[in-house]
Amino acid sequence: MDDVVLAIGTRKGLFLGRRGGAGKWELTGPHFPMQAVYSVGIDTRRAVPRLLVGADSSHWGPSVFRSDDLGRSWEESARPAVRFPKDTDTSLERVWQLQPAGPVAPDLVWAGTQPGALFRSDDGGVSFEFVRGLWEHPQREQWGAGFGGQAVHTVVTDPRDADAVIAAVSSGGVYRSSDGGASWTASNTGLKAEFLPDPYPEFGQCVHKIARDAEEPDRLYLQNHGGVYRSDDAGASWTEIGKGLPADFGFAIATHPRRGGVAYVSTVKDGGDRYQPEYRCRIHRTEDAGASWTALSAGLPTERHYGVVLRDGLRTDDADPVGVYFGNRNGEVYASADEGDSWRLVASHLPDVLCVRAAVV
C-alpha cells in the first residue's frame with residue numbers, strides 16, 4: 001500500500017495523519033491551535049508535496065499558511081496572501097477553499113472566500129490576486145447567505161483546460177468561467193431552490209458541494225440543499241439522481257480519482273434535527289453515475305449516531321486501492337483503505353471536523 005498523508009482541519013487546529021504502507025495511522029497536532037481550519041489543499045504537482053492551510057484566528061484574523069515538509073514547519077507570506085482590494089470596501093472573513101489546479105497549470109491555485117469571492121495564485125499559493133470578474137458579476141449583490149454565511153466554498157478545475165473553472169456559492173449557485181475567471185455565467189438549469197418562491201431560478205440555489213468524474217470530465221456530481229444531481233455537459237444543466245438515498249439533503253460529495261461513475265455522499269435529514277437518517281453512521285456510494293446507491297457501513301458505529309459530515313468532510317485519496325475518508329462534528333475521523341467497503345476509526349474526540357484531505361506522498 002502507498003504512504004498517505006491525511007490532513008484534518010477542525011474548529012481548533014489542524015491534525016496531520018501519516019500511514020506508511022499498510023501500517024497504523026500516526027497523528028500529530030494540533031497545528032495552529034485555537035484557529036479554525038476551514039480549508040486545506042495538498043498540492044502533489046510539485047517535486048515535494050505542498051500543504052496549504054486556510055486558518056482563522058480570532059485574534060489575528062484569517063491567513064494562508066504553507067508547508068513544503070509535510071507539516072514539520074510552516075510559512076506565512078509577509079503580506080496577507082489573500083486580501084480584498086481597498087476599493088471593494090470589504091475585508092476577508094475566512095478562506096473556505098484552497099484548490100490546486102490540474103497539471104496543465106502547475107503553479108495555479110484557487111482560493112474561495114467569505115465574503116463570496118474568488119482569488120487565484122500563480123505562484124503555488126504564496127500570493128493571490130483578486131478575481132474581479134466574479135465579484136463584479138451583476139447577480140452577486142442579490143446572492144443570499146447560507147446558514148454558515150455567504151462563501152465561495154467549492155472550486156472545480158478542468159484537467160484539460162486551465163481556463164475552465166467552476167465555482168459554487170452558498171447561496172448564489174453554480175457559476176462557470178471559460179476564460180480563467182475574467183467572465184462568469186450562472187449555470188443552475190435543473191437545480192431546485194425549494195426555499196424560494198420560484199423553485200427553479202436562474203441563480204440563488206444553495207449548492208453544498210461539487211465533484212468531477214474521473215473518466216468523463218464533463219460529468220459532475222452535486223450535493224444541493226435538497227437533492228443530489230449530475231451534469232453530463234460540464235455544468236450547463238443538471239439532473240436529479242438522488243433516488244435510492246435515505247434523504248435528499250446533505251453537505252458532502254466526493255468522487256473516485258480513477259473510476260468513472262463512482263461517487264460518495266453523506267446524507268442528512270433536513271428540517272428540525274439535521275442528523276443522519278435513522279441516526280445511522282454510513283456513507284452511500286454509486287458505481288453507475290447515480291442510477292443506484294449502496295450504503296457503506298462495515299466497521300462504522302452501529303448504535304445511534306449524531307455525527308454530521310460537513311461539506312468538506314468527505315474525500316478520497318489517490319492511492320491504489322483508493323482510500324476514502326470522512327470526519328464529522330463529533331470529532332471522529334474514519335478511513336477506508338478499500339474504496340469504502342470497510343472502515344476504521346483514525347481519530348476521535350477531536351474538535352468539530354471541518355475538512356479532510358488525503359494524498360499519496
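A salt bridge joins the side chains of D122 and R120, at 2.9 Å from N to O. The model is predicted. A search of the whole structure finds 24 salt bridges. This briefing covers some of those pairs, then the pockets and several strands.

**Salt bridges**

- Side chains of opposite charge can pair when their charged atoms come close.
- D122, one partner in the pair with R120, has a relative accessibility of 45%.
- D232 is partly exposed, at 44% relative accessible area. R219 is partly exposed too, at 21%.
- D320 and R258 form a salt bridge at 4.0 Å, N to O.
- D320 is exposed, with 59% relative accessible area, whereas R258 is partly exposed at 38%.
- Salt bridges also link R259, R285, E287, E339 and D341 in a network.

**Largest pocket**

- Rolling a probe the size of a water molecule over the atoms shows where empty space is left.
- The largest pocket holds about 1000 Å³ of space.
- Its lining is made of 37 residues. Nearest the centre of the largest pocket are Q99, P100, T157, P257 and R315.
- Seven strands are named as giving two or more residues to this lining: β4 (35-43), β8 (94-100), β12 (151-158), β16 (207-212), β20 (249-255), β24 (314-316) and β28 (353-360).
- By class, the lining of the largest pocket has 18 nonpolar residues, ten polar and nine charged.

**Second largest pocket**

- The second largest pocket has a volume of about 650 Å³.
- It is lined by 27 residues, and F147, G148, F251, L310 and R329 are the closest to its centre.
- β8 and β20 are the elements that give two or more residues to the lining of the second largest pocket.
- That lining has 13 nonpolar, seven polar and seven charged residues.
- β8 and β20 are also among the elements that give two or more residues to the lining of the largest pocket.

- In strand β1 (residues 4-10), seven of the seven residues are buried, so β1 is largely enclosed by the rest of the structure.
- In a regular strand the side chains alternate between the two faces of the sheet.
- V4, L6, I8 and T10 point one way from β1, and V5, A7 and G9 point the other way. All of these are buried.
- β1 runs antiparallel to β28, and seven bridges join them. V5 has A359 as its bridge partner in β28.
- β1 is also joined by seven bridges to strand β2 (residues 13-19), again antiparallel. T10 stands opposite G13 in β2.
- A hairpin of two residues connects β1 to β2.
- β28, a partner of β1, is also among the elements lining the largest pocket.

**Strand β16**

- Six of the six residues of β16 are buried, so β16 is largely enclosed by the rest of the structure.
- Five bridges join β16 to the antiparallel strand β17 (residues 220-224).
- K209 has Q223 in β17 as its bridge partner.
- β16 also gives two or more residues to the lining of the largest pocket.

**The four-stranded sheet**

- Four strands form an open sheet in the order β4-β5-β6-β7, with antiparallel pairing.
- β4 and β7 (75-76) stand at the edges. Each has a single partner strand, so one side of each is left without a neighbour in the sheet.
- Strand β6 (residues 61-67) pairs with β7 over two bridges, in the antiparallel sense.
- F65 stands opposite E76 in β7.
- β4, at an edge of this sheet, is another of the elements that give two or more residues to the lining of the largest pocket.

How values were computed
Residues are numbered from 1 along each chain as its sequence is written. This is a predicted model: local features need pLDDT of at least 70, side-chain atom pairs count only at pLDDT 80 or more; totals for chains, interfaces and linings use all residues. Side-chain values use heavy atoms; hydrogens and water are left out. On a 1 Å grid over the protein atoms alone, a cavity is a set of points where a 1.4 Å probe fits but cannot get out, and a pocket is an open set with protein on both sides within 12 Å along at least five of seven lines; lining residues have an atom within 4 Å of a point. Grid points are joined across faces, edges and corners, and a volume is the space filled by probe spheres set on the points. Ala, Val, Leu, Ile, Met, Phe, Trp, Tyr, Cys and Pro count as nonpolar, Asp, Glu, Lys and Arg as charged, and the others, Gly among them, as polar. Buried means under 20% relative accessible area, exposed over 50%, partly exposed in between (1.4 Å probe, protein chains only). Two strands pair if DSSP finds at least two bridges between them.
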